[in-house]
Amino acid sequence: MSSRTAELEQALPELSATHEALQELNAVDAITGVRNRHYFDTVYAQQWKRATRKGYPLSLLMLEVDHFKVINDTHSHPVGHECLKQIASRIGIHLKRPADILARYGGEEFVVLLRYIENFNAEWLAEQIRTEFDSATFQVDETEISIKLNIGLCTVIQTENDDPIDIIYKADTAL
């Protein structure tokens, strides 16, 4: 019996590590390599509750690739996927704090959740990202593609009466 207990005790850390690895894989978008919508929804709900309790601001950037369907239709879906990967990478470069969350929200939409960031600083970040994309081109399979981003922003210091979907709706509307 003690040898079986020893085997189980030895297997437990391996199983735990495997479980953590699977959870990490489940939280990553397969195309872009950034967090996925499911991860964002989970963390957003947690952060909303925490920010409501502690009274700090949440800022949300909603970023949408302008005319993305044209890229897929003109150059192919694999090229579009590579563009999404490069877009996510370039957005991620602007996020300096480990607490900042970048996730793929939908087909050609990304979302950035910023804790403790007032509207002024969120606007500054959005402008930095927009400026980069105004002058950026993407090299994919010897094709140069110009990409523009639309960015919507909402910052709130929420109360118990606020609805978490409102900040997403307002950022999406600001697009």
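What share of the contacts in the protein with a separation of 6 or more comes from residues 24 or more positions apart? The figure is 68%. The model is predicted, and its pLDDT averages 88, with 90% of the residues scoring at least 70. The protein has 175 residues, of which 38% count as buried.

**Overall layout**
- The protein contains 6 helices and 6 strands.
- Read from the N terminus, the order of these elements is α-α-β-α-α-β-β-α-β-β-β-α.
- The accessible surface is about 10300 Å², and carbon and sulfur atoms account for 52% of this area.

**Confidence**
- Helix α1 (residues 2–26) has the lowest confidence in the protein, with a mean of 61.
- Confidence is highest in β2, at 98.

- In soluble globular proteins, nonpolar side chains tend to be buried together.
- Here the largest nonpolar core holds 29 residues, and Ile87, Ile91, Phe110 and Ile147 have the most contacts inside it.
- Two or more residues of this core come from each of β1 (58–65), α3 (68–75), α4 (77–93), β3 (109–115), α5 (119–135) and β4 (137–140).
- The biggest contribution to this core is that of α4, which supplies 6 residues.
- Beyond four places in sequence, Ile147 touches Val65, Ile71, Cys83, Ile87, Phe133, Ala136 and Phe138.
- Another core, of 19 residues, lies apart from the largest one; Tyr44, Tyr56, Leu60 and Met62 are among its members.

**Ile101 in strand β2**
- Ile101 belongs to strand β2, which covers residues 101–104.
- Ile101 counts as buried because its relative accessibility is 11%, below the 20% cut-off.
- Leaving out residues up to four places away in sequence, Ile101 touches Tyr39, Val43, Val111, Val112 and Leu113.
- Between the C-alpha atoms of Ile101 and Arg115 there are 9.0 Å, and the two residues are 14 residues apart along the chain.

**Gln47 in helix α2**
- Gln47 sits in helix α2, which spans residues 37–54.
- With a relative accessible area of 7%, Gln47 falls under the 20% limit, so Gln47 is classed as buried.
- Which residues are in contact with Gln47, leaving aside its neighbours within four places in sequence? They are Tyr56, Leu58, Leu113 and Arg115.
- The side chains of Gln47 and Arg115 are also joined by a polar contact of 3.0 Å.

Key. Residues numbered from 1 in each chain as written. Predicted model: local features only at pLDDT ≥ 70, side-chain atom pairs only at ≥ 80, totals over all residues. Heavy atoms only, no water. Core = buried A, V, L, I, M, F, W, Y, C linked by side-chain atoms within 4.5 Å. Buried < 20%, exposed > 50% of the residue type's maximum accessible area, 1.4 Å probe, protein only. Helix = DSSP H or I, 4+ residues; strand = E, 2+ residues; numbered from the N terminus. Contact = heavy atoms within 4.5 Å. pLDDT = per-residue confidence, 0-100. Polar contact = N/O pair within 3.5 Å; in protein donor to acceptor, adjacent residues only side chain to side chain. Areas by Shrake-Rupley, 256 points an atom, 1.4 Å probe, with all protein chains shown as cover.
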